[in-house]
Amino acid sequence: MDFNLTTTDAEQKFRSELGAFLDRELTPEICRQHSMDLGLGPEARAFALKLGATGWLGRGWPKKYGGSGGTVVDEYIMVQEFARREAIVPNIVARFMCGPVMLRNGSEDMKAEFLPRIASGEIEFSLGYTEPSSGSDLASMRMKAVDDGDSFVISGQKIFNTQSHFADYHWLAVRTNPDAPRHHGISLFVVDQRAPGITIRPIETLGGERTNEVFYDEVRVPKTRLVGELNKGFYYMAEALGYERLMLFQSVRLIPPFKRLLEYTKTTKRGGRLLADNPDVQRHLAQMATEIKVAQALEDRAFALLKNGDPLDHEASLLKLFGSAMRQRFADHALDILGPLGRLEEGADGAPLGGEMAKLAKTVVVDTIGGGTSEILKTVVATRGMGLPR
Ligand SMILES: Cc1cc2nc3c(=O)[nH]c(=O)nc-3n(C[C@H](O)[C@H](O)[C@H](O)COP(=O)(O)OP(=O)(O)OC[C@H]3O[C@@H](n4cnc5c(N)ncnc54)[C@H](O)[C@@H]3O)c2cc1C
């Protein structure tokens, strides 16, 4: 297939200016502070505001909402330039999930209130979809909002809401019509994450990441905080998924760790010979490099569709399915190369590569679960992509 990936002079200029800014401003400390589950530390917050002030965080968004114009190509350039440097775009949930849905469906007041603050790096959002008995089957969610004059009153429980303990706002999906068919009775709201009646409890994960249970006890939310139309929430969530999957997963992020591993094999001996001379190690490295290339080809294909204005359907599911399992295999290959010492974590004496592969192996476990499990994605690819019967 011929992917149209050419960029204009203006897009090239954006890439080089953003790249120069990141090379100058992005320190290892900022990258370390800005993991998905911890929010921004002081230096990372200052960095987000500085980036916001350049207008680049609002790249691709209309100027009247605090953006700096440009195209979806610019947005893709932005995530790639961050990923290349092993960093995450600040306020990523707000920037690539909530903002685009608001832009397409939100009221003028909502857009004016929130988009400029997202583009300036000021506010962060947490994603509130999953419930204890509604993960893959989100349409079965039960948390409910009841119409009460100027407000809705919301009660119930969410689980695995990763950013809730630091986010300013909750991007919340709830049932607004219990009598309608399941997909037609869900709405999206923007809720102040610290509103009275909300309780947040931590859940610690294998990867060391914190996520949360979030309880709502008759939380009053003004009607102006309804996103788009009542009972259309499920469609807004689904519509955003392909875009999110393309913007959040970038295989280029694995290239720096791969290069460090490669260098390690060229400088480390086992049994009197360099690891790089061992055919088994060479096989692992070749497999890793090949799989990164395959993931990049899938990303290019999805991006070409987005660029042409075509909908991302099963292509985004395929990308996420392959990319997430590929990252897990990447960590397995790395641990095989490093041998038993590879399991030593950061701070342990003799941990190869500072324990980064041991950490990676734990953090990638969630990749095949969050944002759609691999089993669900396989069904999407089989039915929508290949036309197989359900
Ligand atoms: C660390 C972490 C962070 C997360 N962060 C967030 C967040 O910020 N916000 C948020 O809303 N959610 C978040 N999630 C939730 C995540 O999206 C869900 O865990 C995921 O969608 C799966 O749902 P579940 O855990 O209820 O599993 P289930 O849906 O109960 O699935 C259990 C198993 O059954 C399989 N299965 C289920 N249905 C089918 C089917 N029809 N066919 C075949 N197999 C099936 C699944 O593949 C899985 O293996 C997070 C999860 C984790 C672990």
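Q: Leaving aside its neighbours within four places in sequence, with which residues is Trp171 in contact?
A: This is a predicted model, in which local features need pLDDT of at least 70, side-chain atom pairs count only at pLDDT 80 or more, and totals for chains, interfaces and linings use all residues. Residues are numbered from 1 along each chain as its sequence is written. Two residues are in contact if their C-beta atoms, placed from the backbone, lie within 7 Å. With neighbours within four places set aside, the partners of Trp171 are Met97, Cys98, Phe125, Ser126, Leu127, Gly128, Leu188 and Val190.

Q: At what angle do helices H10 and H11 pack?
A: Axes are lines fitted to C-alpha atoms, for helices over the stretch in contact, and angles run from 0 to 180 degrees between N-to-C directions. The axes of H10 (residues 314-338) and H11 (residues 356-363) are 9 Å apart, and the angle is about 150°.

Q: How many nonpolar residues does the contact of H10 with H11 have?
A: Ala331, Ala334, Leu335 and Leu338 in H10 meet Met357, Leu360 and Ala361 in H11. Ala, Val, Leu, Ile, Met, Phe, Trp, Tyr, Cys and Pro count as nonpolar, Asp, Glu, Lys and Arg as charged, and the others, Gly among them, as polar. The contact has no polar and no charged residues, while the nonpolar ones number seven.

Q: Why does Lys362 count as partly exposed?
A: Lys362 lies in helix H11 and is in contact with Leu206, Gly207 and Gly208, its neighbours within four places left aside. Lys362 is partly exposed because the number of other C-beta atoms within 10 Å is 15.

Q: What is the phi of Glu218?
A: Most residues other than glycine have a negative phi. Glu218 lies in strand E7 (residues 210-222) and counts as exposed because 11 C-beta neighbours lie inside 10 Å. Although Glu218 is not a glycine, its phi is positive, at about 50°.

Notes
Helix = DSSP H or I, 4+ residues; strand = E, 2+ residues; numbered from the N terminus. Buried ≥ 20, exposed ≤ 12 C-beta atoms within 10 Å, placed from the backbone.
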